[in-house]
Amino acid sequence: FYVIEVTDTNVTMIMDRNLGGNVSWCNLSGANPYSKVCNGDGALAILAQRTANWKNVNVGLPSLKQILSINNGNTTDANCVELFGGEANENTYGYWLKDASWLGVDTAFQVEFDNRTIFYTGVGTPNRLGIRPIITVNRK
């Protein structure tokens with residue numbers, strides 16, 4: 001884990017790798033993901049499953065604001081790869097952020113390893129993207 005914020009009461013960290021395999025940002029069971037705002041329900045559900053045994057931490061997906069604050073506001077920077085770890089391969093290109101794009105209900109933000117960028121992509125399929133937990137631990 002990398003520490004990304006320390007306050008008087010909490011420490012917030014991001015995992016140094018994706019947790020498990022690729023996931024869809026939207027829950028694909030049933031309704032067409034392009035017809036509703038899913039708010040990352042698919043990725044969040046998988047995150048909850050994969051971290052169900054984690055105790056004494058609050059777990060979530062990283063936000064665009066958190067990633068930009070770590071990366072000095074840059075959306076394209078070599079530090080995206082170096083800081084957040086990961087190399088693209090034929091199976092995984094990056095990881096989802098918790099933020100929907102302002103372009104519409106069918107896009108969300110991601111960090112991509114190869115291009116070292118933060119940008120938006122379609123939410124209807126796994127898109128070779130995983131999840132990378134943010135955890136917050138109480139310091140007291």
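Reader: Which strand do the buried residues of helix 1 pack against?
Author: This is a predicted model. In helix 1, G42, A43 and L47 are buried. Seen down the helix axis, the buried residues fall within an arc of 135°, so they line one face of helix 1. The element they pack against is strand 3.

Reader: Is T51 buried or exposed?
Author: T51 sits in the loop between helix 1 (41-50) and strand 3 (58-60). Buried means under 20% relative accessible area. T51 has 8% relative accessibility, so T51 counts as buried.

Reader: Which residues does T51 touch, leaving out those up to four places away in sequence?
Author: Start from the place of T51, the loop between helix 1 and strand 3. Residues up to four places away in sequence are not counted. That leaves L19 and V59.

Reader: In the open sheet of four strands, which strands stand at the edges?
Author: The strand order is 6-5-4-7, with mixed pairing. An edge strand here has a single partner, so one side is left without a neighbour in the sheet. The edge strands are strand 6 (117-122) and strand 7 (129-130).

Reader: How many bridges join strand 4 to strand 5?
Author: Strand 4 covers residues 94-100 and strand 5 covers residues 107-112. They run antiparallel. W96 has Q110 as its bridge partner in strand 5. The number of bridges joining the two strands is four.

Reader: What stands opposite G94 in strand 7?
Author: G94 has a bridge partner in strand 5, E112. Strand 4 also pairs with strand 7, in the parallel sense over two bridges. In strand 7, the residue opposite G94 is L129.

Reader: How far apart in sequence are the parts that F1 and W54 tie together?
Author: The structure holds two aromatic pairs. F1 and W54 form an edge-to-face pair, 6.3 Å centre to centre with 75° between the planes. F1 lies in the segment before strand 1 (2-6) and W54 in the loop between helix 1 and strand 3, so the parts tied together are apart by 53 residues.

Reader: Are F1 and W54 buried or partly exposed?
Author: F1 is at 43% relative accessibility. W54 is at 29%. F1 and W54 therefore both count as partly exposed.

Reader: At what angle do the ring planes of W25 and W96 stand?
Author: W25 is buried at 1% relative accessibility, and W96 is buried at 0%. Their ring centres are 6.3 Å apart. The pair is tilted because its planes stand at 40°.

Definitions and conventions:
Residues are numbered from 1 along each chain as its sequence is written. This is a predicted model: local features need pLDDT of at least 70, side-chain atom pairs count only at pLDDT 80 or more; totals for chains, interfaces and linings use all residues. Side-chain values use heavy atoms; hydrogens and water are left out. Two strands pair if DSSP finds at least two bridges between them. Buried means under 20% relative accessible area, exposed over 50%, partly exposed in between (1.4 Å probe, protein chains only). Contact means heavy atoms within 4.5 Å. The arc is that of the directions from the helix axis to the C-beta atoms. Rings of Phe, Tyr and Trp (its six-membered ring) pair if their centres lie within 6.5 Å; planes under 30 degrees apart count as stacked, over 60 as edge-to-face and the rest as tilted.
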